[in-house]
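Please open the structure in your viewer, with the sequence panel beside it, and follow the stops below in order.

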Amino acid sequence: MELTVGAIVEGKVKSITNFGAFIALPENKTGMVHISEVANAYVSDIRQHLTEGPEPESPAAERPPAREQAAPSARCPQNRGSAV
């Protein structure tokens, strides 16, 4: 599976940290959603937005070139960049 920016992918929240959440993606790939990508507004506690286990759909925000880890975003694509 080739991940491209903006592609919608499904994954399972494997673990949550203070800075984000690690997501299990198809084909044994892993992504990390940074806390700033969880919502369109400021997030002080990521656990109020995500829980381990559910399979949220997430647009692929970026993929660091030297890594196999994707950087998914849980923000709604049509609201990206707009003030809340």
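Two strands are said to pair here if DSSP finds at least two bridges between them, and the strands themselves are DSSP runs of E with at least two residues, numbered from the N terminus. The model is a predicted one, in which local features need pLDDT of at least 70 and side-chain atom pairs count only at pLDDT 80 or more, while totals for chains, interfaces and linings use all residues. Residues are numbered from 1 along each chain as its sequence is written, and side-chain values use heavy atoms, with hydrogens and water left out.

**First stop: the sheet.** Together they make an open sheet of three strands in the order β2-β3-β4, with antiparallel pairing. Neighbouring strands are turned by 30° against each other on average, direction ignored, where the axes are lines fitted to C-alpha atoms.

**Second stop: the hairpin.** Keep β2 and β3 on screen, which form a hairpin with three residues between them and are joined by four bridges. Towards one end Lys12 stands opposite Ala24, and Ile16 has Ala21 as its bridge partner in β3.

Leaving out residues up to four places away in sequence, Thr17 touches Phe22, Ile46 and Arg47, a contact being heavy atoms within 4.5 Å.

How far apart are the centres of the rings of Phe19 and Phe22? They lie 6.2 Å apart with their planes at 90°, so the pair is edge-to-face; rings of Phe, Tyr and Trp (its six-membered ring) pair if their centres lie within 6.5 Å, and planes under 30 degrees apart count as stacked, over 60 as edge-to-face and the rest as tilted. Phe19, at 42% relative accessibility, counts as partly exposed, and so does Phe22 at 25%, since buried means under 20% relative accessible area, exposed over 50% and partly exposed in between (1.4 Å probe, protein chains only).

**Last stop: the core.** Select Ile16, Ala21, Ile23, Val38, Ile46 and Leu50, which touch the most other members among the 14 residues of the largest nonpolar core, a set of buried Ala, Val, Leu, Ile, Met, Phe, Trp, Tyr and Cys residues joined through side-chain atoms within 4.5 Å. β3 gives the most to this core, with three residues.

Conventions
Axes are lines fitted to C-alpha atoms, for helices over the stretch in contact, and angles run from 0 to 180 degrees between N-to-C directions.
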